[in-house]
Amino acid sequence: MNAKVPMARLDRLLANLGYGSRREVAALVAKGQVVLDGVVLKDAGTKAPISPDLPERMTIAGRPVDPPAPLTLVMHKPLGVVCSHREAGRSVYELLPARWRARMPALSTIGRLDKETSGLLLITDDGPFLHRVISPRSHVAKRYVATLDRPLSGGEAEVFAAGTLILEGEPDPLAPAVLEPLSPTQARLTITEGRYHQVRRMFAAVGNHVSALHRDRIGGLALPDDLPAGAWRILTADEQLRIFA
C-alpha cells in the first residue's frame, strides 16, 4: 500500500521554500507564474503535494521549483568561508541560492570546517539525519589530508592509534585515530570525533603544525571528483546511505 503523500497550502509551501512571504507568493500565483502538472494554478490556497518529485511537476516562472524538505546537500567547501551565521566573513550559505536562506526548516551544516579548511561538507534541513551523522554512536569517520610544516617523525601513527592522547585543556583522551603518511610532510588522518580544531590540535600535540587541511571523506562518502571548490549538489538517497556503510 502506497504511503499517503503529505499536502500543504501552496502559499505556505512556497513561503517555506523561500519564495517570499505568503502575500508575495499569492501575487506570483495571481500572475499565473505557478504551474503544477501542466496546469496554471489560480488559488494560493490550493493544496500541493510535498513530494520528492515536486521539482519535476511544478514550475515557478518557468523554472522547476526548489526541492521540498528534507533536503541534504554535498558541498566542496572552499578556503576562506565560514560555516556559521555568527562568524565574521562570508559563509557557506552565501554559496547557495539567496532564497534558500529563508527556507523553513532552515538549512544547517552537519558539523563544521574552519575558515582555513577545505573539502567535503554536508548541509541539511533534516534534523534526524544530522543527529545520526554526528552521534558518537554512529561512529561515522571523517578523513582529512593534512599538510605539515615539518616532516613526520615516524611515531605519530602509534600515538594517534593508542587512544590515550589528551589534548590541552581537555580531561578525556581522544578515541583512536588512523594516520597514513603520504609524504614526509603530508598525511591522511581518519578520526571518529569532532572536537574543536581536533586535527590541528592533534598534530600540535606531537610537535607539528598543520599548514593546510582538506577533508575528503565522511564515512563511506568521498568528495565527488567532479565537484570543484565552491560547488554543491543535492545528495542522493544512495549517497546518504553510503555515509553509514
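1. Of the 245 residues in the protein chain, 42% count as buried. Please keep in mind throughout that this is a predicted model.

2. For the overall build, I find 7 helices and 15 strands in the protein chain. Along the principal axes, the C-alpha atoms fill a box of roughly 70 × 45 × 35 Å. Among contacts with a separation of 6 or more, 63% join residues 24 or more positions apart. As for charge, there are 31 positive and 26 negative ones, and their mean positions lie 7 Å apart.

3. Is strand 9 enclosed or open to the outside? Buried means under 20% relative accessible area, and 8 of the 8 residues of strand 9 are buried, so this strand is largely enclosed by the rest of the structure.

4. Which strands pair with strand 9? Strand 7 is joined to strand 9 by 6 bridges and runs antiparallel to it; here Leu73 stands opposite Ile123. Strand 8 (108-109) also pairs with strand 9 in the antiparallel sense, over 2 bridges, with Thr109 as a bridge partner of Ile123. Strand 13, in contrast, runs parallel to strand 9 and is joined to it by 3 bridges, with Thr117 partnered by Leu213 in strand 13.

5. Setting aside residues up to four places away in sequence, Val92 touches Met75, Lys77, Val81, Val82, Cys83, Thr109, Leu121 and Ile123. Ser91 sits in the loop between strand 7 and strand 8. Why does Ser91 count as buried? Its relative accessible area is 7%, and the cut-off for buried is under 20%. Beyond its neighbours within four places in sequence, Ser91 is in contact with Val81, Val82 and Ser84.

6. Pro68 counts as buried because its relative accessibility is 6%. Leaving out residues up to four places away in sequence, Pro68 touches Leu17, Ile50, Ser51, Leu54, Pro55 and Arg103. Arg103 is 35 residues from Pro68 along the chain, and their C-alpha atoms are separated by 9.3 Å.

7. Finally, there is an open sheet of 4 strands, in the order 3-2-5-6, with antiparallel pairing. Its edges are strand 3 (39-40) and strand 6 (63-64), each of which pairs on one side only. Strand 5 (residues 58-60) pairs with strand 6 over 2 bridges, in the antiparallel sense. Within this pair, Arg63 of strand 6 is the bridge partner of Ile60.

Conventions:
Residues are numbered from 1 along each chain as its sequence is written. This is a predicted model: local features need pLDDT of at least 70, side-chain atom pairs count only at pLDDT 80 or more; totals for chains, interfaces and linings use all residues. Side-chain values use heavy atoms; hydrogens and water are left out. Two strands pair if DSSP finds at least two bridges between them. Buried means under 20% relative accessible area, exposed over 50%, partly exposed in between (1.4 Å probe, protein chains only). Contact means heavy atoms within 4.5 Å. Lys and Arg count as positive and Asp and Glu as negative; His and the chain ends are not counted. The place of a charge is taken as NZ of Lys, CZ of Arg, CG of Asp or CD of Glu.
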